[in-house]
Amino acid sequence: MSKIIGFMKHREFRTVAFLIALFLIVGLVNSDFISIGNIQNSLKNSLLYIVLAVGMSFVLLTGNIDISVGGVVGLSAAVSGMIIRDGGSIILAVIAAIAIGAFIGLINGLGVTKLKISSFIMTLGMNEIVRVIQVIYTDGQWVENLPETFKKISQLSFLGINSLAIIVIAAVIVVHLYLSNSKSGRYFAAIGDNEDGSILIGIPVNKFKVLSFVISSVCASLAGLIFASQIGFISTTAGLGIEMTVIAAAVLGGVSLSGGIGSVIGASIGAIIMTSINSALVFLKVPAFWNAAISGSLLIIIVVTDVLIARRANKKAKTERLNARISNLQEEV
Amino acid sequence: MLKKIPKWNLVLLVTLISEIVIFGLINPRFWNMNVLLNSFNDFIGIAIIAFFVTFVIITGGIDISGGSIIGLTSVVAGISSQVMGLNIWLAVVLAIVVGGLCGLLNGLFIAYAKVQAMVITLGGMLLYSGIALVLVGISGASTYEGISGFSQGFINLANGKLFGILPHSVVLFIVVFIIAYILLHRTRYGRYIYLTGINQNAAEYSGIDTRKIITSTYVLSGLSAGLAGVILTSYLGSARADFGGEYLMPILTAIVLGGTLITGGKGGVVGTALACIIVGFLKLGLQMGGVQTQYIGLAIGLLLIISVAFLGIPNFKSNVSRLLGMKKSRGGNLNA
């Protein structure tokens, strides 16, 4: 029993409960929404955001932020798309995308750790630079006519479930186990929770910060590949503004922007919520122009409620401790 | 006299002058006074918001919702005057008030519920631009064409010229700058803003209601975004929900390049004003020098990163020497 209560106290539990409630409530209005087909569709549509949110979680855990993911999605999608379109192999495209992500992440990380530029500014500037590089590289053209074999990758399914989804979910679980159970995985949260303390106990703080940016950018470039495969063409504005959705998804999933708190599973569920809200509105026959307003107000409401709940829980725990101490004293007397 | 001016502002001034000289040498048309004054139209919206987001950043917060408040207030002004038939000047006031209310909402959550500024203004950014889209959708106006047909008097607000020489945007730039300067650097309120940013607890202990101070900076930033929305609507002659959508980066660039610390407690509006003009002239100069518009983002992005690399750290020299490996650091710096 206590295990169940302990589980319910997890932040992820509240997020999952919200996701289930969302599906049930919308399902009451329009039962098509909880059909297997739609749930699979929602999952498929959110894959891109899940991959981005997992990468972003690493950076957020260390107490930094990565605004450049939108640009990286666009650039890696464009570069790898052009390689595939011009007859290059898919493996080469994947390697190119990962290399781009790793390089941009490395520069971000070095700027933040070595030059001590605030991560917000560093990645914001990087986002702008990467976008221009994409325009220069593609000559301002859309990358179109991707071969069918590449587009099919996102359509493959295994036992009726999208195979890409299986890979991503498996990867999320592995990453979660790494972050929560392995020694080096826990360094990320430790750095975000108390940087000075982490330095004092000998964690290579700068190394892990750089690593977090590299992971985030590599995830973004992989997301770029998923984007290219799912959409089938890459516009010059591909991925524009996606970073804000991803940050919002991570925050919805309980990842703290001040670092140290959160899990990749929470962030992934946040990503599913963000994309499900959009499709839920379609099923509720709400005009599409309500999307941003509803996501925005949900984000504010959930985050504020969460802060208030957490603060109340803290206060309650404090009073309980105090009361326990008083009763101890009385017994002694 | 010269000692009283902060060093960085002097650097900015020198940069500005050398910019004018260099771009003038490349293309002599750059020295045309009319061209320079008219270019204020391109960044007046950014400047107005940047002045007051500087306040927010000095208190240690951040406001990324300014750009989307522009779209909302533009739509509010457009719908209330063109669709509902309200007097245009009443509509302008209404739009600015709406901007202030958006700021108030941000400020209340940030100061009283103590949620991170970044999260709230991020939610606000989605929410305000979302409300703008909803308003446009309900009113039945086209999203792409926007709401147009404003009276000449309103169009003149941004396009007119004072005494036939000074464009209204320059006048507005100066007026808003002076208001911001006096508020931040010449009043007790301004000192409280700095104190809150330097050490919020200490400010609290010395009897300053820091929550009110913080909320008020967000309200000011919202009001200024409302004003910017009105000006932009007047300048372009139509109201659209997506106005200001790309302003986040230029606003922050102006503030950071202007010497305001992103962590709060240090900075000022003089730097912000100079930085706005520098970035504006840089864009103009590059365009006149034949650089394509889409490549200019590269220059701005680099400018942002490099200026912070110089500024964000108290002693740039020691960092350079560490970079070059003269002094090995182990993992991190406790004093960072």
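1. Let's start with where the two chains meet. Putting chain B and chain A together buries about 4000 Å², and carbon and sulfur atoms give 82% of that area. Bear in mind as you read that this is a predicted model.

2. What does that interface have in the way of polar links? Between chain B and chain A there are two residue pairs in polar contact, both at pLDDT 80 or more. As for salt bridges across the interface of chain B and chain A, the rule finds zero.

3. Now the parts of chain B that do the touching. Helix 6 (117-139), helix 12 (248-257), helix 14 (296-311) and helix 15 (316-323) of chain B each give two or more residues to the side facing chain A. Helix 6 of chain B has the largest share, with 15 residues. By type, the chain B side splits into 33 nonpolar residues, twelve polar and two charged. Counting contacts, 47 residues of chain B meet 41 residues of chain A.

4. Next, the nonpolar core. The largest one holds 200 residues, and the members that touch the most others are F120(A), I64(B) and F173(B). Helix 3 of chain B, residues 40-58, gives the most to this core: 15 residues.

5. I64(B) deserves a click in the viewer. Which residues does I64(B) contact, leaving aside neighbours within four places in sequence? From chain A there are F120(A) and M244(A), and from chain B there are M118(B), T121(B), L122(B), M125(B) and L248(B).

6. Then have a look at S81(B), which sits in helix 4 (residues 66-83) of chain B. Is S81(B) buried or exposed? S81(B) counts as buried because its relative accessibility is 9%, and the cut-off for buried is under 20%. Its side chain reaches the backbone oxygen of G78(B) at 3.4 Å. Beyond its neighbours within four places in sequence, S81(B) is in contact with L86(B), I88(B), A91(B) and F150(B).

7. Two lysines of chain A are worth checking for their backbone angles. K116(A) is not a glycine, yet it has a positive phi of about 55°. You'll find K116(A) in the loop between helix 5 (90-113) and helix 6 (119-138) of chain A. With a relative accessible area of 22%, K116(A) is partly exposed.

8. The other lysine is K285(A), again a residue other than glycine with a positive phi, here near 60°. K285(A) lies in the loop between helix 13 (264-283) and helix 14 (291-332) of chain A. Its relative accessibility is 70%, so K285(A) counts as exposed.

Key:
Residues are numbered from 1 along each chain as its sequence is written. Chains are lettered from A and ligands numbered from 1 in the order in which they are written. Side-chain values use heavy atoms; hydrogens and water are left out. Contact means heavy atoms within 4.5 Å. Buried area is the accessible area (1.4 Å probe) that two parts lose on being put together, summed over both. A salt bridge is a side-chain nitrogen of Lys or Arg within 4 Å of a carboxyl oxygen of Asp or Glu. A polar contact is a pair of N or O atoms within 3.5 Å; within protein, one must be able to donate a hydrogen and the other to accept it, and residues adjacent in sequence count only if both atoms are side-chain atoms. Helices (H or I, at least four residues) and strands (E, at least two) are DSSP runs, numbered from the N terminus. Ala, Val, Leu, Ile, Met, Phe, Trp, Tyr, Cys and Pro count as nonpolar, Asp, Glu, Lys and Arg as charged, and the others, Gly among them, as polar. A nonpolar core is a set of buried Ala, Val, Leu, Ile, Met, Phe, Trp, Tyr and Cys residues joined through side-chain atoms within 4.5 Å. Buried means under 20% relative accessible area, exposed over 50%, partly exposed in between (1.4 Å probe, protein chains only).
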